[in-house]
Amino acid sequence: MERIHVTSIYGGSKYRHFKNKMYEVIGAVSVRKGNEISPNMIKCKYTAIHTETGKEYTVIENIKNKPMDEVFTITDNDIDDQNYVLYKSLYDDKIYIRPTTMFFSDVDKDKYPDVEQKERFKLIEKGNGRYSCVIDWID
């Protein structure tokens, strides 16, 4: 049975990974395979590393025209069609993408039995940047 998982993401929020490194969220990313974005609609481009595959993707920050317009998108055809969190490390400034369901999941206690933190990423400070509401379908 499928269920819906809704996540609120605020740009600038700081999270501590369960391995004690700090990260700052840039925003939520939608995948739009094969869609070209008009150059005059591009505000900025980020090169982000997919945490599970190590592949680099170009994430485009769009100029928003309407309140519900997507802000960050990936148009690459070989990425999984799901939502992602775009975030940077605060120790070396590398930029990453990770599926939202994984970013907001709990630590695998079978794999990491000695970890005390419950969440993979624990919110330390809520940012006041762009707000995104992300909806994922979970099997």
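Reply: Happy to! In this predicted model, the largest nonpolar core consists of 15 residues. Val59, Phe72, Leu86 and Ile97 are the ones with the most contacts inside that core. At least two core residues come from each of these strands: S3 (22-31), S4 (42-50), S5 (56-62), S6 (72-74), S7 (84-89) and S8 (95-99). Strand S3 gives the largest share, 3 residues. There is also a second, separate core, made of 10 residues, with Tyr23, Tyr96, Phe103 and Phe121 among them. As general background, nonpolar side chains in soluble globular proteins tend to be buried together.

His17 counts as buried because its relative accessibility is 9%, below the 20% cut-off. Apart from residues up to four places away in sequence, His17 touches Tyr23 and Phe121, along with Gln117 and Arg120. Tyr23 and Phe121 are themselves among the members of the second core.

Now to Glu119, which lies in the loop between helix H1 (100-103) and strand S9 (121-125). Glu119 has a relative accessibility of 28%, so it counts as partly exposed. Setting aside neighbours within four places in sequence, Glu119 is in contact with Phe18, Ser105, Asp106 and Val107. As for Asp108, its C-alpha atom is 9.2 Å from that of Glu119, with the two residues 11 apart along the chain.

Key. Residues are numbered from 1 along each chain as its sequence is written. This is a predicted model: local features need pLDDT of at least 70, side-chain atom pairs count only at pLDDT 80 or more; totals for chains, interfaces and linings use all residues. Side-chain values use heavy atoms; hydrogens and water are left out. Helices (H or I, at least four residues) and strands (E, at least two) are DSSP runs, numbered from the N terminus. Buried means under 20% relative accessible area, exposed over 50%, partly exposed in between (1.4 Å probe, protein chains only). Contact means heavy atoms within 4.5 Å. A nonpolar core is a set of buried Ala, Val, Leu, Ile, Met, Phe, Trp, Tyr and Cys residues joined through side-chain atoms within 4.5 Å.
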